[in-house]
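Here is a protein model to look over. Take a moment with the sequence and the fold.

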Amino acid sequence: MSEELLNKVRRILLYLAFLMAAFFFSYILAYPLGYSPLGYEVVKKQENTVVLQSLNTWGIAEERITYQAPEEDEWKAKALVDRIERQAMEYHLFFTSIMVAVFWLGMEVWKGQSLKKVLVLSGFYVFVSGLSLIRHLGDIQEILEGTLY
């Protein structure tokens with residue numbers, strides 16, 4: 001094998017190893033630790049009543065919210081619980097994208113790429129997953145405010 005090919009294989013293996021490490025670390029943050037800043041946790045659920053715990057920026061319990069779905073819209077309580085249970089997946093993707101963007105930024109700048117160009121590209125990468133997370137949290141907020149149809 002030539003030295004150039006060997007260096008490419010090493011670089012690809014390094015990227016894959018970091019991607020796997022970022023995926024694993026963000027999985028631990030989102031699922032076992034349950035870190036979800038500005039998110040929600042279900043404390044208790046009954047037929048059409050759900051008691052939630054809102055979380056602050058640091059992921060620490062802030063206030064309890066009791067959501068009582070109208071009689072004709074009992075599906076909203078189930079949709080609320082479903083969205084809160086799926087928020088861990090959104091945070092997992094968001095944390096993974098942040099870690100990969102930081103690694104990508106460091107590697108590209110180290111290789112001599114322009115900092116502005118790499119910042120824009122890695123920022124876009126985080127922006128897409130962040131937008132998905134914000135939309136998901138917005139859906140939860142719409143159900144709580146009663147503005148979801």
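This is a predicted model: local features need pLDDT of at least 70, side-chain atom pairs count only at pLDDT 80 or more; totals for chains, interfaces and linings use all residues.

Residues are numbered from 1 along each chain as its sequence is written, and side-chain values use heavy atoms, leaving out hydrogens and water.

Reader: In what order do the elements of the protein run from the N terminus on?

Author: Helices (H or I, at least four residues) and strands (E, at least two) are DSSP runs, numbered from the N terminus. The protein has three helices and three strands. From the N terminus on, the order is α-β-β-β-α-α.

Reader: What is the radius of gyration of the protein?

Author: The radius is taken over C-alpha atoms, and the globule rule is 2.2 Å times the number of residues to the power 0.38. For 149 residues the rule gives 15 Å. The protein is well over that, so it is more spread out than a compact globule, with a radius of gyration of 20 Å.

Reader: Which residue forms a salt bridge with Glu-4?

Author: A salt bridge is a side-chain nitrogen of Lys or Arg within 4 Å of a carboxyl oxygen of Asp or Glu. Here the closest N and O atoms are 4.0 Å apart. Both residues lie in helix H1 (residues 3-30), four residues apart, about one turn of the helix. The partner of Glu-4 is Lys-8.

Reader: Is Glu-108 buried or exposed?

Author: Buried means under 20% relative accessible area, exposed over 50%, partly exposed in between (1.4 Å probe, protein chains only). Glu-108 meets Lys-111 in a salt bridge (3.4 Å, N to O). Glu-108 has a relative accessible area of 14%, so Glu-108 is buried.
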